[in-house]
Amino acid sequence: MGAVIMHSVVSVDGFIADDEGQVGPLHEWYFSGDVPIVAGQGEQYDHSGAGGGIKVSRASADHVRSMWESIGTIVMGRTLFDQVNGWEGKPPAGDHVVVVSHRPKPEGWHPEASCHFVDDVTAAIDKARELAGDRVVAVNAGDAGAQILAAGLVDEVAMDVVPVVFGSGRRYFGAIADRHLLEDPHVVIQGERVLHLRFKVRR
């Protein structure tokens, strides 16, 4: 069974978006390099939602490629789903999406997509693991991710730290209140305008 990894791009002061949910300069490093990140089928990954493929620096390329290729299922909250309209049924990585939400999937929304709505975080991770098999379950940071971490269901925390200070906005760890210890980072890669970090969650 694959690992459950909480992941997002984040500002140095801990925000994944501003107060309006906009990422601003956080994702610029995805499109400012010269190395395209190509999926197994030879197509470029599209993280923009606008048809533009990812091109990162050489320092980031191997890390980003291996991370994205490992993903089987993405778990996200309803706010992000609504904001990006579920990437129109084509997630930027992996084959499946699980949405943590008390509201059902919009009627008639992309029936061909493997997108599942679950109203409980434990059930959401169970479903995501079932779909992912031996591949990684990638949990988007934010409120849903924080609930999953608080439930003890996250194996690793991954952060792509961008040198910008937001001051306010949507926090990487949402409204989490309790203390959670992480191990020393086992991945530290300095890219251009981004620092890639991964920590195992201490049990």
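Ring pairs join Trp29, Tyr30, Phe31 and Trp68 into a cluster. Rings of Phe, Tyr and Trp (its six-membered ring) pair if their centres lie within 6.5 Å; planes under 30 degrees apart count as stacked, over 60 as edge-to-face and the rest as tilted.

The model is predicted: local features need pLDDT of at least 70, side-chain atom pairs count only at pLDDT 80 or more, and totals for chains, interfaces and linings use all residues. Residues are numbered from 1 along each chain as its sequence is written, and side-chain values use heavy atoms, with hydrogens and water left out.

**Aromatic pairs**

A search of the whole structure finds six aromatic pairs. Two of them are tabulated here.

| Pair | Centre distance | Plane angle | Class |
|---|---|---|---|
| Tyr30 and Trp68 | 6.0 Å | 70° | edge-to-face |
| Tyr172 and Phe173 | 4.6 Å | 65° | edge-to-face |

The Tyr30 and Trp68 pair links distant parts of the chain, 38 residues apart. Tyr30 sits in the loop between β2 (15-17) and β3 (35-36), and Trp68 in helix α1. Helices (H or I, at least four residues) and strands (E, at least two) are DSSP runs, numbered from the N terminus.

Tyr30 is buried at 1% relative accessibility. Trp68 is buried as well, at 6%. Buried means under 20% relative accessible area, exposed over 50%, partly exposed in between (1.4 Å probe, protein chains only). In the other pair, Tyr172 is buried at 1%, whereas Phe173 is partly exposed at 26%.

**Nonpolar cores**

The largest nonpolar core has 30 residues. Such a core is a set of buried Ala, Val, Leu, Ile, Met, Phe, Trp, Tyr and Cys residues joined through side-chain atoms within 4.5 Å. Trp29, Tyr30, Val56, Trp68, Cys115 and Val162 have the most contacts inside the largest core. Elements giving two or more residues to this core are β1, α1 (58-70), β5, β6, β8 and β9 (156-162). Helix α1 supplies the largest share, four residues. Another core, of 28 residues, lies apart from it; Ala124, Ala128, Ala144 and Val154 are among its members.

**Strand β6**

Five of the five residues of β6 are buried, so the strand is largely enclosed by the rest of the structure. His96, Val98 and Val100 point one way, and Val97 and Val99 the other.

Strands β5 and β6 run parallel, joined by five bridges. Two strands pair if DSSP finds at least two bridges between them. Met76 has Val99 of β6 as its bridge partner. From β5 the chain crosses through helix α2 (residues 78-84) to β6, in a right-handed β-α-β crossover. Right-handed means that, with the strands pointing away from the viewer, the path from the first strand over the helix to the second runs clockwise.

Strand β7 (residues 115-118) also runs parallel to β6, through four bridges. Here Val99 has Phe117 of β7 as its bridge partner.

**Helix α4**

Ala144, Gly145, Ala146, Ile148 and Leu149 are buried in α4. The buried residues of α4 pack against β1 (4-11), β5 (71-77), β6 (96-100), α3 (121-132) and β8 (136-140). Gly152 follows the helix, with a positive phi near 75°.

Leu149 lies in α4 (residues 143-150). Its relative accessibility is 5%, so Leu149 counts as buried. Beyond residues up to four places away in sequence, Leu149 touches Met6, Val154, Phe173, Ile176, His180 and Val201. Contact means heavy atoms within 4.5 Å.
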